[in-house]
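I open this notebook to record what I looked up, going from the sheet to the whole chain and then to single residues.

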Amino acid sequence: MTYKTGADLVAEARARIREIAAADVKAMMERGDGTVYLDVREPNEWNLGHLPKAVHIPRGTLESKIEGLVPRTAKVVVYCARGNRSAFAADTMQAM
């Protein structure tokens with residue numbers, strides 16, 4: 001049996017989602033197009049700063065909280081500190 005590394009899992013998740021550049025996110029925010037900005041970092045990271053009007057759901061509680069806070073039809077940009085948690089979160093949300 002072949003075991004996957006954490007890096008393998010992140011790469012697989014990234015292959016299934018669409019990533020966008022920070023400059024694109026900034027332009028989206030300036031347009032005010034109704035996109036939901038979802039911060040999946042831990043509370044201590046959130047408290048250090050976050051995007052204006054972002055929704056905060058730590059990655060560890062995403063599956064149990066997302067449906068109550070973000071409509072299924074919403075366009076969502078998911079972010080974290082390095083892109084790993086947000087890749088897993090975006091991949092999970094697509095599956096849901």
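Before counting anything, I note that two strands are taken to pair if DSSP finds at least two bridges between them. The model I am reading is a predicted one.

**Entry 1, the sheet.** I looked up strand β1, residues 36-39, and found that 4 bridges join β1 to β3, the two running parallel. Within this pair, Leu38 stands opposite Val78 in β3. I then asked in what order the strands of the sheet lie. The 3 strands form an open sheet in the order β2-β1-β3, with parallel pairing. Because β2 and β3 (76-79) stand at the edges with a single partner strand each, one side of each is left without a neighbour in the sheet. As a reminder to myself, strands of a sheet pair through backbone hydrogen bonds, and the pairing may be parallel or antiparallel.

I counted 5 helices and 3 strands in the chain, and reading along the sequence I wrote down the pattern α-α-β-α-β-α-β-α. For the overall dimensions, I noted that the C-alpha atoms fill a box of roughly 50 × 30 × 25 Å along the principal axes. The radius of gyration is 14 Å, which agrees with the value near 12 Å that a compact globule of 96 residues would have. Buried residues account for 34% of the 96 residues. Of the contacts between residues at least 6 apart in sequence, 59% join residues at least 24 apart. The chain exposes about 6,400 Å², of which carbon and sulfur atoms supply 54%. I also looked up the charges, 14 positive and 12 negative, and found their mean positions 2 Å apart.

Is Arg59 buried or exposed? Arg59 has 19% relative accessibility and so counts as buried, since the cut-off for buried is under 20%. Arg59 sits in the loop between β2 (55-56) and α4 (62-69). Leaving aside residues up to four places away in sequence, I found Arg59 touching Val40, Arg85, Phe88, Ala89 and Thr92.

Another loop, between α3 (43-48) and β2, holds Lys53. With a relative accessibility of 82%, Lys53 counts as exposed, because the cut-off for exposed is over 50%. I also checked the backbone there, and phi of Lys53 is near 65 degrees, a positive value in a residue other than glycine.

Conventions:
Residues are numbered from 1 along each chain as its sequence is written. This is a predicted model: local features need pLDDT of at least 70, side-chain atom pairs count only at pLDDT 80 or more; totals for chains, interfaces and linings use all residues. Side-chain values use heavy atoms; hydrogens and water are left out. Buried means under 20% relative accessible area, exposed over 50%, partly exposed in between (1.4 Å probe, protein chains only). Contact means heavy atoms within 4.5 Å. The radius of gyration is taken over C-alpha atoms; the globule rule is 2.2 Å times the number of residues to the power 0.38. Accessible areas come from the Shrake-Rupley method with a 1.4 Å probe; for residues, only the protein chains shown count as cover. Lys and Arg count as positive and Asp and Glu as negative; His and the chain ends are not counted. The place of a charge is taken as NZ of Lys, CZ of Arg, CG of Asp or CD of Glu.
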